[in-house]
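Good morning, and thank you for coming. Please look at the structure on the screen while I go through its architecture.

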Amino acid sequence: MYELKDPMGLHARPASLIFMEARKYSCSIEAQWESDKADCKSLLGLMGLGVTEGSMIRFRFNGADEDAAITAIRTVLEKI
């Protein structure tokens with residue numbers, strides 16, 4: 001779980017940072033906010049979630065390189 005701190009929500013810049021990192025891995029990476037889900041390898045999908053400041057986003061990883069992907073996405077989220 002990650003709390004989005006950006007006052008503008010999950011807009012183009014933070015979504016593109018997540019997207020660019022996620023596409024480096026073969027595992028599936030999914031973001032969930034409320035009942036909506038998006039593939040993190042889809043920039044439009046991430047932006048389409050409509051996540052607002054203070055919201056909690058759940059990330060799910062599944063696949064061979066999921067441990068490396070978790071570490072990488074966590075690093076990206078700490079910079080947002």
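**Strands, helices and their packing**

I begin with E1 and strand E4, residues 56–62, which run antiparallel and are joined by two bridges. Tyr 2 has Ile 57 in E4 opposite. Strands pair here if DSSP finds at least two bridges between them. Helices (H or I, at least four residues) and strands (E, at least two) are DSSP runs, numbered from the N terminus.

A word on the source: this is a predicted model, in which local features need pLDDT of at least 70 and side-chain atom pairs count only at pLDDT 80 or more, while totals for chains, interfaces and linings use all residues. Residues are numbered from 1 along each chain as its sequence is written, and side-chain values use heavy atoms, with hydrogens and water left out.

The chain contains three helices and four strands, and along the sequence they follow the pattern β-α-β-β-α-β-α.

Let me return to the sheet. The four strands form an open sheet with antiparallel pairing, in the order E1-E4-E2-E3. Strand E1 (2–3) and strand E3 (36–39) are at the edges with a single partner strand each, so one side of each has no neighbour in the sheet. E2 is joined to E4 by five bridges, and these two strands run antiparallel; here Ser 28 has Asn 62 in E4 as its bridge partner.

Now the helices. Helix H3, residues 66–79, lies across E1, strand E2 (28–33) and E4, and runs at about 155 degrees to E4. Axes are lines fitted to C-alpha atoms, for helices over the stretch in contact, and angles run from 0 to 180 degrees between N-to-C directions.

How do the axes of helix H1 and H3 cross? Those of H1 (residues 12–22) and H3 come within 10 Å and cross at roughly 160 degrees. H1 and H3 are therefore roughly antiparallel to each other, a term for angles over 145 degrees. In H1, Leu 17, Ile 18, Glu 21 and Ala 22 meet Ala 72, Ile 73, Val 76 and Leu 77 in H3, where contact means heavy atoms within 4.5 Å.

Finally, the C-alpha trace of the chain spans about 35 × 25 × 20 Å along its principal axes.

Definitions and conventions
Parallel < 35°, antiparallel > 145°, perpendicular 65-115°, else oblique.
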